[in-house]
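I opened this entry to look up packing, the ligand shell and charge pairs. My notes follow the order in which I checked them.

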Amino acid sequence: MARRTAIEWTEVTWNPTTGCDQVSAGCDNCYALTLAKRLKAMGAEKYQNDGDTRTSGPGFGLTVHPSALRQPYSWRTPQVVFVNSMSDLFHARVPLDFVREVFKVISETPQHTYQVLTKRSSRLRKVAHLLEWPANLWMGVSVENHDALYRVDDLRKVPAQVKFLSCEPLLGPLSDLKLAGLDWVIAGGESGPAHRPISSDWVCEIRDLCQGSQIPFFFKQWGGRTPKAGGRLLDGRTWDELPARTQPSDLTKPHVVIA
Ligand code: SF4
């Protein structure tokens with residue numbers, strides 16, 4: 001079933017695959033890796049496959065779940081769905097045919113809005129022309145620091161109707177970021193016991209770039225020991241803007257939609 005989530009920019013999570021391997025600095029404190037270990041210990045069915053100890057861990061081996069493909073058809077009300085909060089749909093070991101199956105479900109449930117986020121932008125770019133892109137699929141890449149900026153160029157080549165960036169956990173300045181072709185930017189700091197520091201200068205630079213380009217900006221959190229530790233005010237207010245091209249159903253908090 002879909003899980004309600006505390007992630008501010010979505011409503012529910014749906015995991016047709018679980019498990020992953022760390023690929024870049026943004027993965028160093030992966031919450032999903034830690035959570036999978038707990039879920040395995042609790043006996044959760046989807047988290048019994050162990051991953052490589054160097055890049056993954058207990059319960060976090062990449063696993064596809066064909067049985068999860070039916071779930072969105074049963075949700076009675078329209079949802080904003082974060083696809084694979086516990087995995088990466090464009091991981092090399094997710095068969096392309098399974099990615100196609102996921103896209104088919106998305107296409108056949110247009111009442112929902114789906115947010116797919118990847119760090120595997122190279123594979124995304126290479127297979128994008130082999131997929132049919134439903135209008136209700138928002139495609140995003142994670143950009144945690146300067147080294148990850150190449151993912152933005154990969155995303156631009158993808159024919160998704162809505163393209164977004166998740167600059168979280170933001171680990172350094174993104175001064176060379178260009179927003180052409182993008183529809184939404186999320187930024188946020190890291191949370192957890194080993195959280196790394198964020199600078200307000202880095203966040204303001206991204207926010208100002210978005211404002212100058214009329215691109216909606218969503219500030220998720222400053223981070224700290226817990227997600228809420230530092231709050232989410234920037235210059236005395238929250239930043240909850242969303243893309244306008246596809247209207248999300250009813251995110252639980254009031255949000256500003258930039259037309
Ligand atoms: S890509 Fe995402 S899910 Fe996979 S290890 Fe990195 S942070 Fe975790």
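**Core and charge pairs**

I looked up phenylalanine 217 and, leaving aside neighbours within four places in sequence, found it in contact with Val185, Ala187, Val203, Ile206, Arg207, Cys210, Leu234, Trp239, Asp240 and Glu241; contact means heavy atoms within 4.5 Å. The model is predicted, so I note that local features need pLDDT of at least 70, side-chain atom pairs count only at pLDDT 80 or more, and totals for chains, interfaces and linings use all residues. Residues are numbered from 1 along each chain as its sequence is written, and side-chain values use heavy atoms, with hydrogens and water left out.

Phe217 is also among the residues with the most contacts inside the largest nonpolar core, which has 55 residues. Such a core is a set of buried Ala, Val, Leu, Ile, Met, Phe, Trp, Tyr and Cys residues joined through side-chain atoms within 4.5 Å. Buried is under 20% relative accessible area, exposed over 50%, partly exposed in between (1.4 Å probe, protein chains only).

Next I turned to salt bridges (a side-chain nitrogen of Lys or Arg within 4 Å of a carboxyl oxygen of Asp or Glu). I have 15 by this rule. Arginine 207, listed above as a contact of phenylalanine 217, forms one with aspartate 208, at 2.7 Å from N to O. Arginine 207 is buried at 7% relative accessible area, whereas aspartate 208 is partly exposed at 41%. I also noted a network of salt bridges linking Asp28, Glu190 and Arg196.

Last, I listed the residues around the ligand (a heavy atom within 4 Å): Cys20, Asp21, Gln22, Cys27, Cys30, Ser87, Lys119 and Arg120.
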